[in-house]
Amino acid sequence: MQILSEKDIEAVATCIKRELFETGRPPSYRRIMQLCGFLSIGRVQRCVKALKERGELESGTDGSIACPSLFSGRAKAVPLLGVIACGVPITAVENYEDVFRFPEELVGGGEHFMLRAKGDSMTGAGIFDGDLLIFRAQPAAREGQIAATLIGDEATVKTFCPQKDGTVIFRAENPDYGDIVVSGGDCRIMGILVGSYRKF
């Protein structure tokens with residue numbers, strides 16, 4: 001039997017947190033196996049057992065993963081500021097709609113804001129029309145990160161792809177849409193995507 005490592009246990013804990021954050025419910029053992037790249041469900045079961053023994057995870061009555069004790073109880077208020085385009089950029093109008101509270105462990109440090117996705121240009125990244133997208137406010141992004149961006153006075157969410165010649169490609173994650181190419185610095189990163197929330 002393969003020795004259980006601390007890295008494996010932490011990977012499972014992170015996976016459960018992320019799934020709870022993004023879907024509102026804990027993942028199945030098979031889902032954890034797929035997301036963590038494990039080759040057997042037994043490995044997942046041993047990690048989950050270790051987390052339960054530490055008191056960091058609870059069990060459902062049927063043996064499934066229940067609402068975990070992985071969170072400290074600290075909550076962060078995240079304002080919903082309006083709509084952002086997942087398609088053709090739309091004029092940026094900040095419209096304070098609501099405030100949501102999330103466990104601090106899920107969103108991390110810094111300031112955050114939420115925007116409602118509109119359109120289908122980012123479906124390949126798992127972003128769908130109507131999703132609530134959570135961004136960490138910051139003025140820069142790394143290559144490959146999904147960013148909320150102002151291009152002129154219009155806002156969009158795309159994958160950030162800087163080029164060596166100084167231009168920036170904002171890549172759609174749907175082959176039905178073209179990329180947006182920006183040169184001359186006429187764009188501003190508002191934040192990077194750290195999570196999403198979808199109601200079923």
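Reply: Let's settle one word before the tour. Buried means under 20% relative accessible area. Also, keep in mind that this is a predicted model.

Me: Fine. Is threonine 167 buried or exposed, then, and why?
Reply: Threonine 167 counts as buried, because its relative accessibility is 16% and the cut-off is under 20%.

Me: Where does threonine 167 sit?
Reply: In the loop between S7 and strand S8, which spans 168-171.

Me: What does its side chain pair up with? I mean threonine 167.
Reply: Aspartate 165. A polar contact of 2.7 Å joins the two side chains. Leaving aside neighbours within four places in sequence, threonine 167 is also in contact with Pro162, Val181, Val182 and Ser183.

Me: Let's zoom out. How many helices and strands does the chain have?
Reply: Four helices and 10 strands. From the N terminus, the order is α-α-α-β-β-β-α-β-β-β-β-β-β-β.

Me: And how much of the chain is buried?
Reply: Of its 200 residues, 40% count as buried.

Me: What about contacts that span the sequence?
Reply: Take contacts between residues at least 6 apart in sequence. Of these, 61% join residues at least 24 apart.

Me: Now the inside. How many residues are in the largest nonpolar core?
Reply: It has 16 residues. Those with the most contacts inside it are Val12, Ile16, Ile32, Phe38, Val44, Val48 and Leu51.

Me: Which helices supply it?
Reply: Helix H1 (6-23), helix H2 (29-36) and helix H3 (41-53) each supply at least two residues of this core. The largest share comes from H1, with six residues.

Me: What else is there in the way of cores?
Reply: There is a second, separate core of 15 residues. Ile127, Leu133, Phe135 and Ile146 are among them.

Me: Back to H2. Which of its residues are buried?
Reply: Tyr29, Ile32 and Met33. Seen down the axis of H2, the buried residues fall within an arc of 100°, so they line one face of the helix.

Me: Why would that spacing put them on one face?
Reply: An α-helix has 3.6 residues a turn, so residues three or four places apart point the same way.

Me: What follows H2?
Reply: Glycine 37 follows H2, and its phi is positive, near 75°.

Me: New topic: charges. How many salt bridges are there?
Reply: The count comes to two salt bridges. In one, the side chains of arginine 43 and aspartate 8 meet at 3.0 Å, N to O. That pair links distant parts of the chain. Arginine 43 is in helix H3, aspartate 8 is in helix H1, and they are 35 residues apart.

Me: Are arginine 43 and aspartate 8 buried or exposed?
Reply: Arginine 43 is buried, and so is aspartate 8.

Me: And which residues form the other bridge?
Reply: Arginine 171 and glutamate 173, with their closest N and O atoms 3.0 Å apart. Arginine 171 counts as partly exposed because its relative accessibility is 33%. Glutamate 173 is at 22%, so it counts as partly exposed too.

Me: On to strands. How many residues of S6 are buried?
Reply: Strand S6 covers residues 146-151, and six of its six residues are buried.

Me: Which residues are on which side of S6?
Reply: Ile146, Ala148 and Leu150 are on one side; Ala147, Thr149 and Ile151 are on the other. Both faces are covered. In a regular strand the side chains alternate between the two faces of the sheet.

Me: What does S6 pair with?
Reply: S6 pairs with strand S7 (residues 154-162) in the antiparallel sense, over six bridges. Alanine 147 has lysine 158 as its bridge partner there. S6 also pairs with strand S10 (residues 187-197), antiparallel again, over five bridges. There, isoleucine 151 has cysteine 187 as its bridge partner.

Me: What's in the hairpin of S6 and S7?
Reply: Two residues lie between the strands, and glycine 152 takes a positive phi near 65°.

Me: Last one. Where is phenylalanine 170 found?
Reply: In strand S8. Phenylalanine 170 is buried, with a relative accessible area of 0%. Not counting residues up to four places away in sequence, phenylalanine 170 touches residues including Thr149, Ile151, Phe160, Ile180 and Ile189. Phenylalanine 170 and alanine 147 are 23 residues apart in sequence and 8.8 Å apart in space, C-alpha to C-alpha.

Definitions and conventions
Residues numbered from 1 in each chain as written. Predicted model: local features only at pLDDT ≥ 70, side-chain atom pairs only at ≥ 80, totals over all residues. Heavy atoms only, no water. Core = buried A, V, L, I, M, F, W, Y, C linked by side-chain atoms within 4.5 Å. Buried < 20%, exposed > 50% of the residue type's maximum accessible area, 1.4 Å probe, protein only. Pairing = 2+ DSSP bridges. Polar contact = N/O pair within 3.5 Å; in protein donor to acceptor, adjacent residues only side chain to side chain. Contact = heavy atoms within 4.5 Å. Arc of directions from axis to C-beta. Salt bridge = Lys/Arg side-chain N within 4 Å of Asp/Glu carboxyl O.
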